[in-house]
Amino acid sequence: MASSWQSKLEDSFNKLAEQVQSALTLDVYTYVTDINKPDDAPDKKRALAETHLNPDGDIRQSVPGTFANNTITVNQELYDVHLKAVEQAVITRKEMLNYVKDLLASAQS
């Protein structure tokens with residue numbers, strides 16, 4: 001029978017594995033907010049752009065566009081803000097995964 005500390009360690013590693021699995025898929029949303037509406041208003045905010053990065057490298061990205069005369073125009077300022085958020089999220093995820101990797105490597109030593 002496993003000791004108490006072994007059970008706690010196993011539980012901790014299982015929780016860590018869940019967190020790592022969660023971190024492998026990255027979702028970034030950029031919202032617009034109506035500051036004149038109360039915080040609990042159902043239409044206070046609306047997602048304007050979103051990006052989903054999957055562990056296999058697939059990326060799904062949606063940004064608002066205007067369609068006219070067979071031309072699609074995207075709000076470049078909004079796209080730039082959203083892109084910076086995606087870049088920061090990727091950096092943060094990479095740092096977290098490297099931390100976990102280092103933690104696991106030190107646990108094996």
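Trainee: Leaving aside its neighbours within four places in sequence, what is serine 62 in contact with?
Mentor: Serine 62 touches Leu48, Ala49 and Glu50, once neighbours within four places in sequence are set aside. Keep in mind that this is a predicted model.

Trainee: Okay, and where is serine 62 found?
Mentor: Serine 62 belongs to strand S3, which covers residues 59-62. With a relative accessible area of 41%, serine 62 is partly exposed.

Trainee: How many Å separate the C-alpha atoms of serine 62 and tyrosine 79?
Mentor: Those C-alpha atoms are separated by 9.8 Å, and the two residues are 17 residues apart along the chain.

Trainee: Let's switch to the helices. At what angle do H1 and H2 pack?
Mentor: Helix H1 (residues 4-23) and helix H2 (residues 76-108) pack at about 150°, and their axes are 10 Å apart. Angles over 145 degrees count as roughly antiparallel, so that is the description for H1 and H2. The crossing of H1 past H2 is left-handed.

Trainee: Nice! Which residues in H1 meet H2?
Mentor: From H1 there are Phe13, Leu16, Gln19, Val20 and Ala23, and the residues they meet in H2 include Arg93, Met96 and Leu97. The residues of this contact comprise 10 nonpolar, one polar and one charged.

Trainee: New topic: how many aromatic pairs does a search of the whole structure find?
Mentor: The search turns up one aromatic pair. Its rings are those of tyrosine 29 and tyrosine 31, with centres 6.3 Å apart and planes at 35°, so the pair is tilted.

Trainee: And is tyrosine 29 buried, exposed or partly exposed?
Mentor: Tyrosine 29 is partly exposed, at 37% relative accessibility. Tyrosine 31 is partly exposed too, with a relative accessible area of 41%.

Technical notes
Residues numbered from 1 in each chain as written. Predicted model: local features only at pLDDT ≥ 70, side-chain atom pairs only at ≥ 80, totals over all residues. Heavy atoms only, no water. Axes fitted to C-alpha atoms, helices over the stretch in contact; angles between N-to-C directions. Helix = DSSP H or I, 4+ residues; strand = E, 2+ residues; numbered from the N terminus. Parallel < 35°, antiparallel > 145°, perpendicular 65-115°, else oblique. Left-handed = near helix turned anticlockwise from the far one by under 90°. Contact = heavy atoms within 4.5 Å. Nonpolar A, V, L, I, M, F, W, Y, C, P; charged D, E, K, R; others polar. Phe/Tyr/Trp six-rings, centres within 6.5 Å; stacked < 30°, edge-to-face > 60°. Buried < 20%, exposed > 50% of the residue type's maximum accessible area, 1.4 Å probe, protein only.
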